[in-house]
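Here's a friendly walk through one protein model, made for someone opening it for the first time. Have a quick look, then read on.

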Amino acid sequence: MDAKPKRRTFVENGDGGEDLVLATLIGNGEDLGPIVRHAFEMGRPESLFHQLKSVVRKKEVEIEELCKSHYEEFILAVDELRGVLVDAEELKSELSMDLIERNYLHNIPMKALKMAIEKTIPIIKLHIKKKVTSQFNEWLVQIRSSAKDIGQTAIGHTSSTRQRDEEMLEHQRKAEEQNIPGLGDFVYTLDVAETDEDSVVKFDLTPVFRVYHIHACLGIQEQFREYYYKNRLLQLNSDLQISTTQPFVESYQTYLAQIAGYFIVEDRVLRTAGDLLSANQVETMWETAVAKMTSVLEEQFSRMDSATHLLLVKDYVTLLGATLKQYGYEVGQILEVLDSSQDKYHELLLGECREQIVNTLGNDTYEQMTSDIMPAFPYIAPFSSMVPDTCRIVRSFIKGSVDYLSYGVHTNFYDVVRKYLDKLLIDVLNEAILGTIHGGAVGVSQAMQIASNISVLERACDFFLRHAAQLCGIPIRSIERPQASLTAKVVLKALRDAAYIALLDLVNSKLDEFMALNENINWTSEETPQNENEYINKVVIYLDTILSTAQQVLPLDALYKVGSGALEHISNSIVGAFLSDSVKRFNANAVLSLNNDLKVLEDFADNKFYSTGLSEIHKEGSFRGCLIEARQLINLMSSSQPEIFMNPVIRQKNYDALDYKKVASICEKFKDSPDGIFGSLSNRNTKQSARKKSMDMLKKRLKDFN
């Protein structure tokens, strides 16, 4: 709405009366024709012309002061939207160049004055444009310097909200574990109240509103729209460049917060500044930023050699994504970078855990841990320090895995965590323990403790899985199905068996040192032995020590494996001694000597089998049965009718553990002596002749059979 121009009287100190009159007439819009005619009649047109020029100059000054006066009033008024609208109307009525052009210029009769004013108006417009543009440029500098703080404030608010939600989930998990009554009262009570982000992040857009309004008044709002978009895009491209003076792990928060602040500002401008910025322009800027950020993150992640650093950056990126998602930005592509880097992160994490586990194994004394909570009744654990240390490492790995996969593209990532947990237990823990077992520096007691430790870790797999499920927010009942168990359990069982084999190898090696049958047995003795050999007592003492220790450390099934394995080895050693190339021949006295030794072992085996409680578990087996091959061979070599071995019924009943070829080779070495166990010189002829015939018949039939 146009306002009627006010009439004003000029009062200037030092001006002539004629100038005052002329200015008053012009100001009141009166006709100057009579004055002009009078000047020409008086021959003073030059004087009138100078007076008019003086009036023009005064008008210019007045217009400039008028513009300045109302411009300053405008600055104060825009602090409130209502004031902006009121002062804008006043500015239109008193300052508008269009008003001057429409209402004043056609009232000015003098062509020269009219042309002067027409030239002045564009200058004034340009002056206003430059002035407000300068102030806008100052705002550009200021808002860019504030963008980091804006972004950090918004991200910090998101972080606080996330922390509250996590605390609520943890509270809920603990309540579920303890079966606290009334749990249903607070299940799913996460803080989902919407927060006005504008109240959290505060910054001033008044300069933008003012500049855009003035440009609109000047009719050049499109020009300012282009200017705004161009300069903000330049700022964005600059913000997207990472620091070359600081490592990314030290500058990533500043880098990402700056970008977050930038787009929070643009969202506010889009929502509150009318048509200054279009949604397509904001989308274009966001696509530019996403492309650059994903490129930077992919490159920086590929260079990182620390799982901790990668996790720190990942956490901040997810906070950035969650923050900007609240402002309507699509962040899926950024989160996909994190998803594609999960293998890199877990490889680094596995490497760190491998180093920790190797150190744990190296520092273990392989002595059972003792609890002194009650000194009078100390508890001796069946495992050494490597078990709790390893469990801590595994739990830490699970948490690190869950931390990285949380708040990413996928909400249900339990299966991914389980996959990497299997990888840790199989590729790292299993390999490290296997390396220790086969490293050559492990003794019998250490191997026994390692086997016991593996049994505990195998059972701990179920607890590891439960812990992973809890951190992932998965109901425990969903992982208690047999098919949901870890593959690592099977691998650790095989590892435990490998430990038993290594243990038995060590035990058997020591038994070989004690037995040394080639040296400890006189294979062609002329004397009939009355007692066991000395070496067998050492063997029994060693076996008793080993099995007593195993009974304290290993479960009963493992104890049985150790005992049966050692006794089977002794049995094989006895049979192997008969087959040895170093034993060219043996007689009945040698058989009797070994029979005495074998009886001692059988008595020990029976006693140990029952005293350890194994008889309650293995009702159909025994330690004595582990010596069966040696016993059947001794019985056959002591028999007065060895040829009955070829009778299928008798062989199945009494000699089923013996091999044809082994028996044939051993029989070929048997050479009975005159003073054998079958009689003295006076009465041996009949019995020995019959036994010799039977042995010869057995040899012949075995040859035919083979």
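What follows covers charge pairs, a charged patch, some helices, a few backbone angles and a couple of contacts.

This is a predicted model, in which local features need pLDDT of at least 70 and side-chain atom pairs count only at pLDDT 80 or more, while totals for chains, interfaces and linings use all residues. Residues are numbered from 1 along each chain as its sequence is written, and side-chain values use heavy atoms, with hydrogens and water left out.

**Salt bridges**

- Here's the general idea: side chains of opposite charge can pair when their charged atoms come close.
- A salt bridge here is a side-chain nitrogen of Lys or Arg within 4 Å of a carboxyl oxygen of Asp or Glu. By that rule the count comes to 23 salt bridges.
- One of them joins the side chains of Arg-225 and Asp-275, at 3.2 Å from N to O. Arg-225 sits in helix H9 (residues 221-239) and Asp-275 in the loop between helix H10 (248-272) and helix H11 (279-303), so the pair ties together parts that are 50 residues apart in sequence.
- For burial, the words go by relative accessible area: buried means under 20%, exposed means over 50%, and partly exposed is in between (1.4 Å probe, protein chains only). Arg-225 counts as buried at 16%, and Asp-275 is partly exposed at 49%.
- Asp-315 and Lys-314 also meet through their side chains in a salt bridge, at 3.4 Å from N to O. Lys-314 is buried, with a relative accessible area of 1%, while Asp-315 is partly exposed at 27%.
- Then there's the bridge between Asp-696 and Lys-692, at 3.1 Å from N to O. Both of these residues lie in helix H27 (residues 684-705), four residues apart, which is about one turn of the helix. Lys-692 counts as exposed at 52% relative accessibility, and Asp-696 counts as partly exposed at 34%.
- Salt bridges can also form a network, as they do in linking Glu-458, Arg-496, Asp-497 and Lys-561.

**A negative patch**

- On the surface, Glu-283, Glu-287, Glu-330 and Glu-336 gather in a patch of negative charge.
- Patch members must have over 30% relative accessible area and no salt bridge; like charges are joined within 9 Å, and nonpolar side chains (Val, Leu, Ile, Met, Phe, Trp, Tyr) within 5 Å. Lys and Arg count as positive and Asp and Glu as negative, with His and the chain ends not counted. Each charge is placed at NZ of Lys, CZ of Arg, CG of Asp or CD of Glu.
- Accessible areas come from the Shrake-Rupley method with a 1.4 Å probe, and for residues only the protein chains shown count as cover.
- To pick out one member, Glu-336 is in helix H13 (residues 332-340) and counts as partly exposed at 47% relative accessibility.

**Helices**

- Helices (H or I, at least four residues) and strands (E, at least two) are DSSP runs, numbered from the N terminus.
- How does the span of helix H15 (residues 386-405) compare with what its 20 residues should give? At 1.5 Å a residue they should span 28 Å, and the end C-alpha atoms are 28 Å apart, which agrees. The expected span is 1.5 Å times one less than the number of residues.
- In H24, eight of the eleven residues are buried, so this helix is largely enclosed by the rest of the structure. Among the buried ones are Arg-631, Leu-633 and Met-637.

**Positive phi angles**

- Most residues other than glycine have a negative phi.
- Tyr-407 has a positive phi of about 60 degrees although it is not a glycine. It lies in the loop between H15 and helix H16 (414-437) and is partly exposed, at 36% relative accessible area.
- Tyr-366 isn't a glycine either, yet has a positive phi of about 55 degrees. Its place is the loop between helix H14 (342-363) and strand S1 (370-371), and Tyr-366 is buried at 12%.

**Contacts along the chain**

- Lys-125 and His-215 are 90 residues apart along the chain, with their C-alpha atoms separated by 9.7 Å. Lys-125 lies in helix H6 (residues 111-178) and counts as partly exposed at 25%.
- Gly-625 and Ala-605 are 20 residues apart along the chain, and 8.9 Å separates their C-alpha atoms. Gly-625 is in the loop between helix H23 (614-617) and helix H24 (628-638), and is partly exposed at 37%.
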